[in-house]
Amino acid sequence: MIKKIFLSLLQKHSEELHLEHSHLTELPEKYLHKDIKSIHLAYNHFSSIPKNIFWNTRLDALDFSYNRLQEIPDSIQTLHHLLWLNLSHNPLQFLSPFLFKLPQLKYLNVCGVPSETLNQIPHSYSKDLYIEGLYYQERLENSEEWIDAIWKWAEKYRIPEAVWVDMLQIHIGFNRRKEHLMTLKELHIEGLFIAEIPSELAQLPQLERIFISNNPLKDIPCEILYMPSLKEIHAKGLQSIIKHKKRKKNLRIYT
């Protein structure tokens with residue numbers, strides 16, 4: 001029994017390659033073998049995805065976050081078993097359309113990727129694909145989806161009406177709620193035992209200041225940290241979850 005457990009752990013380990021924080025600019029062949037299914041190369045110095053990665057068509061997870069990637073080439077189409085891809089915080093200029101045609105891809109992280117590059121994302125990508133970090137104002141501005149998400153969040157945590165003015169009055173219709181959200185400049189939700197913040201708040205076009213101090217938050221969506229209008233986040237007691245997060249240069253954070 002112990003032998004079986006050991007062999008199982010050994011097999012799992014051999015299927016994963018972790019070389020984060022290794023100052024790599026290329027991937028030596030010695031690290032690659034046919035059994036690898038998951039490659040993690042975050043916090044390196046890659047300016048392009050090494051060609052030898054595209055030879056491994058069995059890959060189901062690939063992490064290139066916090067590198068220097070300039071493009072995702074058409075060669076990405078060879079990774080037809082890829083389920084999970086993290087491209088966050090790269091200065092990408094080009095996204096191959098084949099990326100969005102990968103048949104198995106379920107998760108794509110593009111947090112911190114230039115907004116003009118995100119405009120290359122087609123409207124017709126699979127509904128089964130979740131794209132984290134997608135700030136797509138044109139797509140959602142006239143949709144009820146993001147407004148309903150914020151509405152449900154506010155009701156879940158019983159955010160006082162003083163925060164939203166008349167937003168939480170049930171008889172207020174969709175257009176009235178949208179009008180209020182589109183002009184909201186400050187959001188005060190300090191000390192309300194809120195455990196999560198919806199990324200849909202990044203759709204608020206005039207929001208300048210968020211006050212979230214003294215809440216049991218575990219994370220802050222990166223979409224919010226890159227909001228064009230946002231100037232300040234007041235997050236007393238939340239230094240541990242925000243100090244290492246990438247954000248736009250002119251955003252002031254008070255902890």
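Mentor: Helices (H or I, at least four residues) and strands (E, at least two) are DSSP runs, numbered from the N terminus. This is a predicted model, in which local features need pLDDT of at least 70, side-chain atom pairs count only at pLDDT 80 or more, and totals for chains, interfaces and linings use all residues. Residues are numbered from 1 along each chain as its sequence is written, and side-chain values use heavy atoms, with hydrogens and water left out.

Trainee: Where does Tyr-43 lie?

Mentor: Tyr-43 is in the loop between β2 (38–40) and α2 (51–54). Although Tyr-43 is not a glycine, its phi is positive, at about 60°.

Trainee: Why is Tyr-43 called partly exposed?

Mentor: Buried means under 20% relative accessible area, exposed over 50%, and partly exposed in between (1.4 Å probe, protein chains only). The relative accessibility of Tyr-43 is 38%, so Tyr-43 counts as partly exposed.

Trainee: What makes Asn-214 count as buried or exposed?

Mentor: Asn-214 has a relative accessible area of 52%, and therefore Asn-214 is exposed. Asn-214 is placed in the loop between β10 and α8 (222–225), and has a positive phi of about 55° without being a glycine.

Trainee: How do you know that β9 pairs with β10?

Mentor: Two strands pair if DSSP finds at least two bridges between them. Here 3 bridges join β9 to β10 (residues 209–211), so the two strands pair, and they run parallel. His-188 has Phe-211 in β10 as its bridge partner.

Trainee: What makes β9 and β12 edge strands?

Mentor: The open sheet has 4 strands in the order β9-β10-β11-β12, with parallel pairing. β9 (186–188) and β12 (252–254) each pair on one side only, as its edge strands.
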